[in-house]
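Colleague: Could you walk me through reading a model like this one? I'd like the general idea each time, and then the case at hand.

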Amino acid sequence: MIKKLGIPKEVKKDEGRVSLIPEHITQFTGLADIFVETNAGLGSGFTDEDYQSAGAKIVPTAHELYDISEIICKVKEPQEQEFELLNSSHVIFGYLHLASNLSLTKMLIEKKLTAIATEMIMDEDEYPLLIPMSKIAGNLAVQKGMQFLEYSSAGKGLLLSSISDERNSKVTVIGCGEVGKSSIHKSIQIGAFVTAIDVNENILKELKNKYGENISTHISGSDEATEAIRTADLVVGAVLLPGRKPPIVVTQEDINQMEKGSVIVDVAIDQGGCVEGVTPNTHSEPFEIRNGVIVSAIANLPGAVPKTSSIELSTNLQKYVDNLLIENWFEEYSKSENLKPSLQIHSGLLLSEEVAESLSLSLSKLV
Ligand SMILES: NC(=O)c1ccc[n+]([C@@H]2O[C@H](COP(=O)([O-])OP(=O)(O)OC[C@H]3O[C@@H](n4cnc5c(N)ncnc54)[C@H](O)[C@@H]3O)[C@@H](O)[C@H]2O)c1
């Protein structure tokens, strides 16, 4: 049976991405009727006409889109104004990050719908839908950090990039996975000295081999790691425990010890943040100043560059949308080791152990 797939306009503040771009919806012809909320692609450079030419029907309001569609293919988690649009017939497919959001999780459970967290889809021990956004976010964390270090942003007035052979600025990156590696690469490229911190010795060895004298590496929690956090011009927090709230790796005492005008960018805020006491910021109100230190925690960093991000996202998303359009999709999702971690809520049941533990909610099992 032909499914009805809806692509809403994202309503999270300053979010310009769209989940699927026109060239990628043509493959669903014959499998699904595609509905797109008017102007959903505009922030990423795609018009309603582009979607129509690719075979989609344009819908004038979010209400209408949610009414018609069974599968809602989103970028970010539903926002409060979208809660009333959801009902038990919906399958919500998008970055949900439920471990940091109790009210959203409870609402999704109460609605008795199905919620698939795309960041938890796996392929050979990797998270293929998180990786492209992480690479972009790691790059942007340094870009934002450079901007916040400027005098007009209340930063210490330091140019992070080098104008001579000397590496005069210090960037400390905590968590050296996809986000961290991208931040490290960009920081070294612009001429900063980097300290990389992780719990995984092999990752640190690889980084040392790759970047030599331009990097120093320390195990998380060591005295050297603490010193590198406290003396950095820019700290990037990028730790992840998949599906869970991250550990606190920058404490208030670390912030108190940092030079005034230094910057911390907590990229892990989408999972709840890895800096003590951190609260989410937006692109238009991007930081707080704590004891003279700029602390920024923007949960949708890639939303700042929707043209780049939507193409990357849509390219990687298509094949997983395909999986949802087959008749016995639910059976496939609940049986597959790779897809099962993303199937987090179904018919009022919370199926994710990590989310249940992080939010102290009861875990359910499919019978
Ligand atoms: N804010 C945004 O817009 C945005 C965008 C993309 C990703 N993210 C988030 O960024 C975070 C990192 O994502 P990723 O894709 O790089 O994850 P990843 O799994 O590739 O890397 C995480 C790294 O953290 C390390 N780690 C775990 N515990 C640690 C600890 N206590 N101390 C130091 N290191 C530790 C792991 O060993 C791993 O190397 C996640 O929370 C992800 O959701 C945010």
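This is a predicted model: local features need pLDDT of at least 70, side-chain atom pairs count only at pLDDT 80 or more; totals for chains, interfaces and linings use all residues.

Colleague: Fine. How many helices and strands does the protein have?

Modeller: Helices (H or I, at least four residues) and strands (E, at least two) are DSSP runs, numbered from the N terminus. Here you get 13 helices and 15 strands.

Colleague: And what does the radius of gyration say about the protein?

Modeller: It is taken over C-alpha atoms, and the globule rule is 2.2 Å times the number of residues to the power 0.38. For 367 residues a compact globule would come out near 21 Å, and the protein has 21 Å, which agrees. Along the principal axes, the C-alpha atoms fill a box of roughly 65 × 45 × 35 Å.

Colleague: What share of the residues in the protein is buried?

Modeller: Buried means under 20% relative accessible area, exposed over 50%, and partly exposed in between, with a 1.4 Å probe and protein chains only. Buried residues make up 54% of the 367. As for contacts (heavy atoms within 4.5 Å), take those with a separation of 6 or more: residues 24 or more positions apart account for 63% of them.

Colleague: On to packing. At what angle do α6 and α7 pack?

Modeller: Axes are lines fitted to C-alpha atoms, for helices over the stretch in contact, and angles run from 0 to 180 degrees between N-to-C directions. Under 35 degrees counts as roughly parallel, over 145 as roughly antiparallel, 65 to 115 as roughly perpendicular, and the rest as oblique. Helix α6 (residues 131–148) and helix α7 (residues 178–190) pack at about 40 degrees, with axes 7 Å apart, which makes α6 oblique to α7. On the α6 side the contact includes I131, V142 and M146, and on the α7 side V179, K186 and I190 are among the residues. By class, the contact divides into six nonpolar, seven polar and three charged residues. For the classes, Ala, Val, Leu, Ile, Met, Phe, Trp, Tyr, Cys and Pro count as nonpolar, Asp, Glu, Lys and Arg as charged, and the others, Gly among them, as polar.

Colleague: Is the crossing of α6 and α7 left-handed or right-handed?

Modeller: A crossing is left-handed if the near helix is turned anticlockwise from the far one by less than a right angle, and right-handed if clockwise. This one is right-handed.

Colleague: How do α6 and α11 cross?

Modeller: The axes of α6 and helix α11 (residues 306–324) come within 9 Å and cross at roughly 160 degrees, so α6 is roughly antiparallel to α11. That crossing is right-handed. P132, M133 and I136 of α6 meet T308, S309, E312, L313 and N316 of α11; the tally is four nonpolar, three polar and one charged.

Colleague: Which residues of helix α5 are buried?

Modeller: In α5 (residues 102–111), they are L104, T105, M107, L108 and I109. Their cover includes α4 (80–83), β6 (114–117), β14 (343–346), β15 (349–350) and α13 (353–359).

Colleague: Last one: how far apart in space are R244 and S100?

Modeller: They are 144 residues apart in sequence and 7.9 Å apart, C-alpha to C-alpha. R244 sits in the loop between β10 (234–237) and α10 (252–257) and is partly exposed, at 26%. Leaving aside neighbours within four places in sequence, R244 is in contact with A99, Q271, E354, E357 and S358.

Notes
Residues are numbered from 1 along each chain as its sequence is written. Side-chain values use heavy atoms; hydrogens and water are left out.
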